[in-house]
Amino acid sequence: MLHLLLVFSPLLGSAVAGLFGRLVGARAAQLVTVVAMGVSAVCAVLGLRYVGTEPFTVPVFTWAVVDGFQVEWALRVDSLSAVMMFVVAGISFLIHVYSMGYMAEDPGIPRFFSYLSFFTFAMLMLVTSDNLIQLYFGWEGVGVASYLLIGFWYTRASACAAAIKAFVVNRVGDFGLALGIATIYFVFDSVRFDDIFAAAPELAGSRIAVFGAEFDTLTLVALLLFVGAIGKSAQLPLHTWLPDAMEGPTPVSALIHAATMVTAGVFLVARFSPLFEYTPTALAVVTLIGAATAFFAASVGPAQNDIKRVIAYSTCSQLGYMFAAAGVGAYAVAIFHLFTHAFFKALLFLGAGSVIHALHHEQDLWRMGGLRRKMPVTYATMWIGTLALVGFPLTAGYFSKDAILEATWVSHHAFAGLAFWLLLVSAVLTAFYSGRLMFLAFHGTPRVPELAEHAHESPPVMTVPLLVLAVGALVAGYAGLSMIDPESGFWGAAILTRPDNEVLEAMHGVPALVKWSPTLAMIVGLALAWLFYVRAPELPERLAAAFRPVHRFLVRKWYFDEIYDALFVRPAFTLARALWRGVDLGLIDRFGPDGVAAATLAATRRVVRLQTGYLYHYAFAMLVGVVALVSWYLVVVRP
Amino acid sequence: MSDWPLLSLVTFLPLVGVAFILFIRGEPEVVAQNSRAVALWTALVTFLLSLLIWVNFDPAQPGFQLVEKSPWLAGLGINYYMGVDGISLWFVILSTLLTLVCIVDSWYSVTYRVKEYMIAFLLMDTLMVGVFCALDVVLFYVFFEGILIPMYLIIGVWGGPRRIYAAFKFFLYTLAGSVLFLVALIVMYIQTGTTEIPELMRAEFDPALQWWLWLALFASFAVKIPMWPFHTWLPDAHVEAPTAGSVLLAGILLKLGGYGFVRFSLPMLPDASLAFAPLVFALSVVAVIYTSLVALAQTDMKKLIAYSSVAHMGIVTIGLFSPNAPAITGGIAQMISHGFVSAALFMVVGVVYDRIHSRDIEAYGGLAERMPVYATVFMLMMLASVGLPGTSGFVGEILVIVGAFQVNAWVAALAATGMILGAAYMLYLYRRVIFGPLLKDSLKSIRDMRANEILAFAPLVVLVLFMGVYPQFFLEPITASVGEVLARLEPAAAQLAMR
């Protein structure tokens, strides 16, 4: 009952706001969704008591039974889903509250809250799924909510383009996931998690012949699922949609494109740990993609001037950290970082939203500056978020990011060593771009005085969620420490680690230098940012001039968008026109119906001469025809 | 109740309405108004009666139910033979529903020859229900071909400027198929001495003969559904047809091809069906990718949706020719869903066409501002068309992909690319029509949907969501009947595997 209320109350709120929003007015629609979300959040907090207990499912109804393809809708409750429900419902509630302030002047309030609550419902469905079809339902449900919210301000061409890009790029990932589901049904004869996990150990090392070749069964399955994860979690090479998704309202960026939806891929890998554990090849790919994305996004971050895009690349990068952790077999560490990241990244986005709100939708860092006195609460809380992100000792990110680096150091999995170094360099870059953001926005003197003059601190309805999240960013690390303690039994049966996977145990034995390396990286990065943007502000300019091609490469985000445009988007349209004009009209129609018609016409002109107008001529011709047909049948077909 | 000839009642009740309309006399305005009213009430009662078929239907039982049989052409041993199974059940109800929807939707928009228009739609109702209930091939063929007559009239009388070309193209394609279909039916009759479909479904034809029969049937069904490369009549027919004509064309007439495959080709010619499956797969995969791309290049809204239909039917044929329960059930589910979704999408085009008289995508933009209800309905149908979970479009698609993967992973993978391409062209269409700023003067005073339009969309909206959330309701009777088809295919499949 608790979980049904938890999952379905946001749906109810969404339906009321969406269907009757016009009728009852913006205020009422807002109130209903926020209250419904509050109920869900309370349930999620209460639901934390199921952490570490025996997993169970809450049946909902039968979706479809076709032969062996049986889909029973049910909510799966275990440590993993309890943590995810807490993060999703909790943060979503705070963001609902914050949006009451942020969206106050928007004409589309009921629509906005309806979408936001629908998103939460779909995300809760995803994390509580008990089978792959239900997971897919949540997976695409959050995708469509993301599409709707990115395109919320639909009159802006850039928002519409970003929305379509997000949906279509995600569909590429979902294509992999769908094939993964098909492969799983082919191999396991079931789409239920329990059946799949139970059968996985026996299938370890077995081969399967599909696509005209032979593959390791579990590796193929795991990699197809991971393609879905790459799309949803904006990893290389399907990351291009996430920065553009910043076109949506900022609360959306905080909830969907930072704290919850984009972490679905990490959740998927952790949920399928009973499968990934048996396929070192797939794990190696996960590590490689994760570490590469972490580095790529961290390298692009310092070259961005839009406050939200900086944070977006940071999200991309941090998700890479999570995948790297999962890839080296430290699923618990990945989820731990997911948990802490949700607090400080939501905080950073909401803080950025507060700044944007104060500056009347100005997002360019170079038009900010000196805001610290105007907006003290935003300033203070954003520093807390930044410190948590860069891993300042004893903040949330300190515990989880350190754990990731330690895990990659001690792990014997493929690419673990490479991942360690990539992540360490990324940590320096993370501290650098985060410091840069804070110094540019809040420190120094206002670069555009008339903008800063009218800036003001946001109303309490926005600052209170900031404060709550700031507390989270400070203490979530301690609070979640038992997640990475192998002795605590925190995860119960929710995450499987094979007996020979001792990453969590070994993490405590790393050399002191490794232990302190992230902290060192943080100090270096922050110091550089201070040097570049406070101490010697002319330096960045000179550096960019000196390394023009490198700078361009980073500003253009490694040219991914340009390459995809030239490789996929434009050829698709060219091919489309060629097929239509060339084949459909030029070939099929020309030689098909139109050709037949022309030929018939030509033949008719000749046949006309045979038309004598005498009935007996026609009758004779028909008779001949019938005789011919019957004899053909008797002679050719019958025997 | 149970001894009433329910199927005949549903089939022929619309003709009573036709008779009534024929007797309406008076001022043109009064005639039009009365014709509308009679047609509406007739279609409504027919629809409600067709729901009684569902009430009296036992979903657990696989065979034909509510069977009626009486001598018809006694000399030839041909009976008037009607019945439904779990597959045709839904198509019967879909037919009566869409007829009703059509009449409500064209309440105000059709003003030319209203009397004849309503007669044509009621005739369509009779013929569509009849074709899905007929259990005798002669009866089936009469309905199957008879449907074309009112459809020609609908396109030819109420259609657009190039209607003659469209009708001719349709005719040319169908003609060859129809003739071969008839020849195949005659050969089957001569071979088995029966014209009863249930009997023929148990008949054992010589494999060599099966090949010829299969090809003859294929010629007819592949044009109807349509499969690539026999599809070029469809965009033209849709573009020229009036909105309600497109609704029935896409909603029901295309399904005759798929229904033909399930009812004739698969159970009667199982060996040939499996032998030709690779051909069907190849054409279907081409259809999915090719027509999705072509849809991307369209500038005409109706053409775009017509091409998307061809792509969706590609998924259907892949499902039908993969001999396992999820795939075939999925193919049928996809047909039902497409009946709701494509019908609604053509009505979506019709709504703005009635106001602006253009199907050109460029003529629109920013409609969300002035037409929020319209934008919402369009959004839902667009998402259903791209197969979003929670809408009806997802059910068939996932079942077909999962099922086809068992047979051939490449086919499943290539079919699944339709997910990506479909999303691209539909979202792109939606963006150009609904999103963006409202700049064009012609659109500044455009009105949102009228009451009759909302009423026409309402059942489709409900069904799209209901089928998406609780597909088991639809799948339960289908699976039972698909079991029958599979039972015929399995020995053939085993034989094929041995070779």
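Which residues of chain A are linked in a network of salt bridges? They are Arg76(A), Asp78(A), Asp130(A), Arg192(A), Asp194(A), Asp195(A) and Arg271(A). The legends below describe close-up views of a predicted model.

**View 1. A salt-bridge network in chain A.** Arg76(A), Arg192(A) and Arg271(A) belong to this network. So do Asp78(A), Asp130(A), Asp194(A) and Asp195(A). Side chains of opposite charge can pair when their charged atoms come close. Over all chains, the whole structure holds 26 salt bridges.

**View 2. Arg367(A) and Glu362(A) form a salt bridge.** The N to O distance between the two side chains is 2.9 Å. Glu362(A) is buried, at 15% relative accessible area.

**View 3. A salt bridge links Arg488(B) to Glu204(B).** Here the N to O distance is 3.3 Å. Arg488(B) sits in helix H19 of chain B, residues 472-498. Glu204(B) sits in the loop between helix H8 (197-200) and helix H9 (207-224) of chain B. The two parts are 284 residues apart in sequence, so the pair ties them together. Arg488(B) is buried, with a relative accessible area of 16%. Glu204(B), at 67%, is exposed.

**View 4. Arg450(B) pairs with Glu453(B).** Their side chains meet in a salt bridge, with N to O at 3.8 Å. Arg450(B) has 25% relative accessibility, so Arg450(B) counts as partly exposed. Glu453(B) has a relative accessible area of 1% and is buried.

**View 5. Chain A meets chain B.** How many residues of chain A are in contact with chain B? The count is 56 residues of chain A, against 68 residues of chain B. The size of an interface is often given as the accessible area lost when the parts come together. Between chain A and chain B, the buried area is about 5,400 Å². Carbon and sulfur atoms give 76% of that area. Eight residue pairs, both at pLDDT 80 or more, are in polar contact across the two chains. The count of salt bridges between chain A and chain B is zero.

**View 6. The side of chain A that touches chain B.** Which elements each supply at least two residues to this side? They are strand E1 (56-66), helix H5 (132-150), helix H6 (157-188), helix H25 (560-591), helix H26 (593-607) and helix H27 (615-637) of chain A. H6(A) gives the most, with 17 residues. By class, this side of chain A has 42 nonpolar, four polar and 10 charged residues.

View 7. Strand E3 covers residues 207-210 of chain A, and strand E4 covers residues 213-216. The strands run antiparallel and are joined by four bridges. Arg207(A) stands opposite Asp216(A), which is in E4(A). Two residues lie between the strands of the hairpin. Phe211(A) takes a positive phi there, near 55 degrees.

**View 8. Chain A as a whole.** Its secondary structure comes to 27 helices and four strands. The C-alpha trace of chain A spans about 105 × 60 × 60 Å along its principal axes. Chain A has 639 residues, of which 59% count as buried. Among contacts in chain A with a separation of 6 or more, 79% join residues 24 or more positions apart.

**View 9. Thr11(B) in helix H1 of chain B.** Helix H1 of chain B runs over residues 6-22. Is Thr11(B) buried or exposed? Thr11(B) is buried, with a relative accessible area of 0%. The side chain of Thr11(B) reaches the backbone oxygen of Leu7(B) at 2.6 Å. Beyond its neighbours within four places in sequence, Thr11(B) is in contact with Met82(B), Thr126(B), Val129(B), Gly130(B) and Phe143(B). Thr11(B) and Phe143(B) are 132 residues apart along the chain, with their C-alpha atoms separated by 11 Å.

**View 10. Ser95(B) in helix H3 of chain B.** This helix covers residues 88-105. Ser95(B) has 0% relative accessibility, so Ser95(B) counts as buried. What does Ser95(B) touch, not counting residues up to four places away in sequence? Its contacts are Asp125(B), Met128(B), Val129(B), Phe132(B) and Ile252(B). Val129(B) is also in contact with Thr11(B).

Definitions and conventions. Residues numbered from 1 in each chain as written. Chains lettered and ligands numbered in written order. Predicted model: local features only at pLDDT ≥ 70, side-chain atom pairs only at ≥ 80, totals over all residues. Heavy atoms only, no water. Buried < 20%, exposed > 50% of the residue type's maximum accessible area, 1.4 Å probe, protein only. Contact = heavy atoms within 4.5 Å. Buried area = accessible area lost by both parts, 1.4 Å probe. Salt bridge = Lys/Arg side-chain N within 4 Å of Asp/Glu carboxyl O. Polar contact = N/O pair within 3.5 Å; in protein donor to acceptor, adjacent residues only side chain to side chain. Nonpolar A, V, L, I, M, F, W, Y, C, P; charged D, E, K, R; others polar. Pairing = 2+ DSSP bridges.
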